[in-house]
Amino acid sequence: FSAVVVFYFWGSSGTHSGSSLSYIKKYNLDEKFSSADSPLPFPPEADPPPEEGKGLFKVMTYNIGYLSGMTNNLPIERTYSLFEDNLQRVTDVINHLKPDFIGFQEIDLRSARSYMINQVDSIAKHCGYGFADISINWDMRYVPFPYWPPSAHFGSILSAQAILSRYPIKSSERIVFDKPQNTPFYYNAFYIDRLAEIAIVETGRGGQLVIINVHLEAFDRDTRIEQAKE
């Protein structure tokens with residue numbers, strides 16, 4: 001029993017707190033970053049990038065499921081090449097569509113389940129985004145899920161919601177929603193935080209934009225409705 005209690009408090013504890021849970025990052029895009037040049041075919045109806053000077057912005061929202069593809073939440077072993085290939089697929093899509101802003105959900109910063117790849121940094125540098133707003137929403141020393149076999153456990157997780165921007169991000173705010181009330185306390189202790197991530201962006205066109213990146217509760221409808229209202 002004592003071992004279970006120790007694991008509960010250790011595993012559900014994180015490595016970040018306070019202001020370190022939300023921060024703005026600027027990238028030096030002149031740094032070399034290797035990437036295979038293998039664009040994927042796209043449907044002809046894909047939107048072209050907006051014309052310069054037309055006062056238009058292209059915005060994308062993208063839940064990348066920590067680049068796990070269709071293996072997400074399955075109790076199976078994932079190879080490094082799976083994440084490498086899916087990173088290439090994601091960056092090919094982004095480089096084709098060229099959005100000005102992207103709101104990501106389920107994007108890993110440093111997690112055992114995705115081979116410690118910082119997916120925000122990788123995508124920003126592959127796709128030429130100079131600014132990121134990062135709000136950590138899952139920081140655990142050990143997550144015992146999927147439950148069986150233990151070799152499939154997620155283990156240590158540092159995951160986030162993130163906004164990539166081609167324009168400077170001036171400020172950010174991280175709002176945490178309430179977790180489902182009908183789930184056990186030990187489940188919620190290891191469960192992801194659902195957030196509204198708010199970034200203020202300076203567009204350089206005489207004004208600012210407020211971008212809100214939201215990741216609502218997926219499994220409990222009543223909780224999701226309350227989060228949407230908030």
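A: In this predicted model, helix α2 passes helix α3 in a right-handed crossing. On the α2 side the contact is made by Phe83, Leu87, Val90, Thr91, Ile94 and Asn95. On the α3 side, Gln119, Ser122, Ile123, His126 and Cys127 take part. Sorted by type, the residues of this contact are six nonpolar, five polar and no charged.

Two packed helices are described by the angle between their axes and the distance between the axes. Here α2, residues 80-97, packs against α3 at an angle of about 45°, and the two axes are 10 Å apart. Angles under 35 degrees count as roughly parallel and 65 to 115 as roughly perpendicular; α2 and α3 are therefore oblique to each other.

Next comes the sheet. Its five strands follow the order β1-β4-β5-β3-β2; the sheet is open and its pairing is mixed. The edges are taken by β1 (22-26) and β2 (59-63). Each of these has a single partner strand, so one side of each is left without a neighbour in the sheet. From one strand to the next, the twist averages 20°.

Helix α3, residues 119-127, also packs on this sheet. There α3 touches β1, β3, β4 (131-143) and β5, and the direction of α3 makes about 145° with that of β3.

Two of the strands touched by α3 are β3 and β5. Strand β3 (residues 101-108) and strand β5 (residues 155-165) run antiparallel and are joined by six bridges. Within this pair, Ile102 stands opposite Leu164 in β5.

How values were computed:
Residues are numbered from 1 along each chain as its sequence is written. This is a predicted model: local features need pLDDT of at least 70, side-chain atom pairs count only at pLDDT 80 or more; totals for chains, interfaces and linings use all residues. Side-chain values use heavy atoms; hydrogens and water are left out. Two strands pair if DSSP finds at least two bridges between them. Helices (H or I, at least four residues) and strands (E, at least two) are DSSP runs, numbered from the N terminus. Axes are lines fitted to C-alpha atoms, for helices over the stretch in contact, and angles run from 0 to 180 degrees between N-to-C directions. Contact means heavy atoms within 4.5 Å. Angles under 35 degrees count as roughly parallel, over 145 as roughly antiparallel, 65 to 115 as roughly perpendicular and the rest as oblique. A crossing is left-handed if the near helix is turned anticlockwise from the far one by less than a right angle, and right-handed if clockwise. Ala, Val, Leu, Ile, Met, Phe, Trp, Tyr, Cys and Pro count as nonpolar, Asp, Glu, Lys and Arg as charged, and the others, Gly among them, as polar.
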